[in-house]
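Here are my notes on this one, in the order I would click through it. Keep the viewer open while you read.

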Amino acid sequence: MPRRRQLKSIAAGIADSFNSRNNDLEGYWAIGKLCRFAHERSITLLTLDLLNIICTPQSAEFNAVMHYYKVKLRAIMNKQGIPEDWLKAATIEINFQPECEAHLHYFRSALGSPYTVTAKLMTDLGKIYSVRNGGNCKPHDPLRETRRSV
């Protein structure tokens with residue numbers, strides 16, 4: 001029998017997957033492209049609404065990533081027997097100027113600046129399950145990076 005508290009582990013899986021180096025956008029690391037987008041606009045926090053496919057601040061560049069994670073989220077919920085109407089909101093927040101935390105960030109400038117990824121899933125009852133992950137990254141630079149071939 002499914003339980004709403006299973007959404008906590010689903011949020012952890014989404015955060016880990018999104019933070020992974022395997023999270024590609026057009027052959028490049030999605031976090032690096034998000035970092036470049038944030039630096040170009042001098043913003044520190046990006047929010048990706050997975051259910052409505054809306055990026056805040058507004059950008060259509062990341063629609064493919066949001067759609068991928070929306071499909072992934074629904075597939076996981078379906079596999080675990082969790083009804084879709086139990087989920088009222090699903091967001092991923094990326095903060096590019098967080099407080100440094102030893103268990104999330106490396107203290108070497110060569111690895112880039114610290115960031116955090118927070119996956120939040122809100123149930124139909126108003127309970128929010130949130131999981132935070134992080135690392136270090138540099139803004140995407142196609143001249144220095146090799147494009148991944150699928």
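1. Is the crossing of α1 and α3 left-handed or right-handed? It is right-handed. This is a predicted model, by the way, and everything below is to be read that way. The two axes come within 11 Å and cross at roughly 145°. On the α1 side the contact is made by L7, I10, I14, S17 and F18, and on the α3 side by V65, Y69, K72, L73, I76 and M77. Sorted by class, that contact has nine nonpolar residues, one polar and one charged.

2. Staying with α1: the helix has 14 residues and reaches 20 Å from its first C-alpha to its last, close to the 20 Å expected at 1.5 Å a residue. Its buried residues are L7, I10, A11, I14, A15, S17, F18 and N19.

3. Now zoom out. The chain holds three helices and seven strands, and along the sequence they follow the pattern α-β-β-α-β-β-α-β-β-β. Of its 150 residues, 44% count as buried. Take the contacts with a separation of 6 or more: residues 24 or more positions apart account for 63% of them.

4. Next, the core. The largest nonpolar core has 39 residues, and those with the most contacts inside it are F18, I94 and F96. Two or more residues come from each of α1 (6-19), α2 (30-41), β3 (45-49), α3 (63-79), β5 (87-95), β6 (113-123) and β7 (128-137).

5. What does I94 touch, not counting residues up to four places away in sequence? The list is F18, L34, T44, L45, L46, L48, Y115, T116 and V117.

6. α2 has twelve residues and reaches 17 Å from first C-alpha to last, close to the 16 Å expected at 1.5 Å a residue. The helix is mostly covered, with nine of its twelve residues buried. Those are A30, I31, G32, K33, L34, C35, R36, F37 and A38; note that K33 and R36 are on that list. E40, also in α2, is another matter: this residue counts as exposed because its relative accessibility is 53%. Its C-alpha is separated by 9.4 Å from that of P139, 99 residues apart along the chain.

7. D49 lies in strand β3 and is buried, because its relative accessible area of 18% falls under the 20% cut-off. Leaving aside neighbours within four places in sequence, D49 is in contact with I54, M66, A90 and T91. D49 and I92 are 43 residues apart in sequence, yet 6.7 Å apart C-alpha to C-alpha. D24, in strand β1 (residues 24-25), is partly exposed at 27%.

8. Last, the backbone. Most residues other than glycine have a negative phi, and most peptide bonds are trans. Which residues would I check against that? S42, in the loop between α2 and β3, has phi near 55° and is exposed, with a relative accessible area of 70%. I53, in the loop between β3 and β4, has phi near 50° and is partly exposed at 24%. T56 and P57 are joined by a cis peptide bond, with omega about 0°; P57 is found in the loop between β4 (54-56) and α3.

Terms used. Residues numbered from 1 in each chain as written. Predicted model: local features only at pLDDT ≥ 70, side-chain atom pairs only at ≥ 80, totals over all residues. Heavy atoms only, no water. Core = buried A, V, L, I, M, F, W, Y, C linked by side-chain atoms within 4.5 Å. Buried < 20%, exposed > 50% of the residue type's maximum accessible area, 1.4 Å probe, protein only. Helix = DSSP H or I, 4+ residues; strand = E, 2+ residues; numbered from the N terminus. Contact = heavy atoms within 4.5 Å. Axes fitted to C-alpha atoms, helices over the stretch in contact; angles between N-to-C directions. Left-handed = near helix turned anticlockwise from the far one by under 90°. Nonpolar A, V, L, I, M, F, W, Y, C, P; charged D, E, K, R; others polar. Expected span 1.5 Å × (residues − 1).
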